[in-house]
Amino acid sequence: MPNIPSLPLADWIDKLVDSLTKFEGFFNVITNIIGGVVDAFQWVFDLLPPWLFILLILALTFWINRKKQKWGLLIFELVGLLLIWNLDFWRDMTQTLTLVLTSSLIALVIGVPLGIWMSKSNVVEAIFKPILDFMQTMPAFVYLIPAVAFFGIGMVPGVVASVIFAMPPTVRMTNLGIRQVSTELVEAADSFGSTGWQKLIKVELPMAKSTMMAGINQSIMLALSMVVIASMIGAMGLGTRVYFAVGRNDAGGGFVAGIAIVIVAIILDRLTQSFNKKNTTEN
């Protein structure tokens, strides 16, 4: 547009980021907390030998699907995990799982209460909806810049970027699930003198569980989709193998690492879906 100066939006954002970096102590506390969770997950994974880990995953799958067994999933998990072990990607896979589980756990801890809050207030919903749209549609690479500025490099900034990118589905589906609870059930709970907390815990959350689990499943998948991007700022795992393969133009190495990521994604997706169906059947 002629004769109209452009807004110095980039400069404003740079100044905002610079001003926030002054709160070094606050970000150090967050780094230590997230780093502690990451170290705890990785310690458990390192403690388990690969054969025992595979047996535990198979046992968990068998238990979740005990009423309607999915033998195809069990065979896929066995073959897929043995392939990852055979390709010497086991340590990378556990690092990827650490990143995904930590990000998903934080997204769950923040996202579910926020979704509940949105479901109880139209004003809060109107405020947070555009923020969630922004978080979900902003290119994931952009989150790496402030993450590095605030938290340095390594697993912690990768977790932070993954949480921001992956949290919206959990918030949205929690809000949607509670809002879809039958008004007759809510009125019946009110008629029996239930408090707001009792109504939430005993009526609304159990009825919304299926929808909420669908959101959690999507958050896990989005967190897993960040593993390659997070490898650019030092987050270890299978994404690092892909990233290095791209830099070396190593098609075979990149494709094999990609197959390992697909195996992990399918296992996580099917397990969370099976857990959701198990809860729906029991309810």
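Q: Which helices each supply at least two residues of the lining of the largest pocket?
A: A pocket is an open set of points on a 1 Å grid over the protein atoms alone, with protein on both sides within 12 Å along at least five of seven lines; lining residues have an atom within 4 Å of a point. A helix is a DSSP run of H or I with at least four residues, numbered from the N terminus. Here α1 (9-20), α2 (24-47), α5, α6 (122-137), α7 (144-151) and α8 (155-179) each supply at least two lining residues. The largest share, six residues, comes from α7. This is a predicted model, in which local features need pLDDT of at least 70, side-chain atom pairs count only at pLDDT 80 or more, and totals for chains, interfaces and linings use all residues. Residues are numbered from 1 along each chain as its sequence is written, and side-chain values use heavy atoms, with hydrogens and water left out.

Q: How much space lies in the largest pocket, and which residues are the closest to its centre?
A: A volume is the space filled by probe spheres set on the grid points, which are joined across faces, edges and corners. For the largest pocket this is about 950 Å³. Of its 30 lining residues, Tyr143, Pro146, Phe150, Val160 and Ile164 are the closest to the centre.

Q: How does the lining of the largest pocket divide by class?
A: Ala, Val, Leu, Ile, Met, Phe, Trp, Tyr, Cys and Pro count as nonpolar, Asp, Glu, Lys and Arg as charged, and the others, Gly among them, as polar. The lining of the largest pocket has 29 nonpolar residues, one charged and no polar.

Q: What lines the second largest pocket?
A: The second largest pocket holds about 650 Å³ of space. Its lining has 23 residues, and Leu101, Ile220, Leu268, Leu271 and Thr272 are the closest to its centre. Two or more lining residues come from each of α2, α3 (50-64), α5, α10 and α13 (251-282). By class, 21 are nonpolar, two are polar and none is charged.

Q: How many cavities of 30 Å³ or more are there?
A: A cavity is a set of points where a 1.4 Å probe fits but cannot get out. The count is one, and the volume of the largest cavity is about 30 Å³. Ser104, Ala107, Leu108, Thr170, Ile216, Ser219 and Ile220 line it. The lining has four nonpolar, three polar and no charged residues.

Q: How many helices and strands does the chain have?
A: The chain has 13 helices and zero strands (a strand is a DSSP run of E with at least two residues). Its C-alpha atoms fill a box of roughly 65 × 65 × 40 Å along the principal axes.
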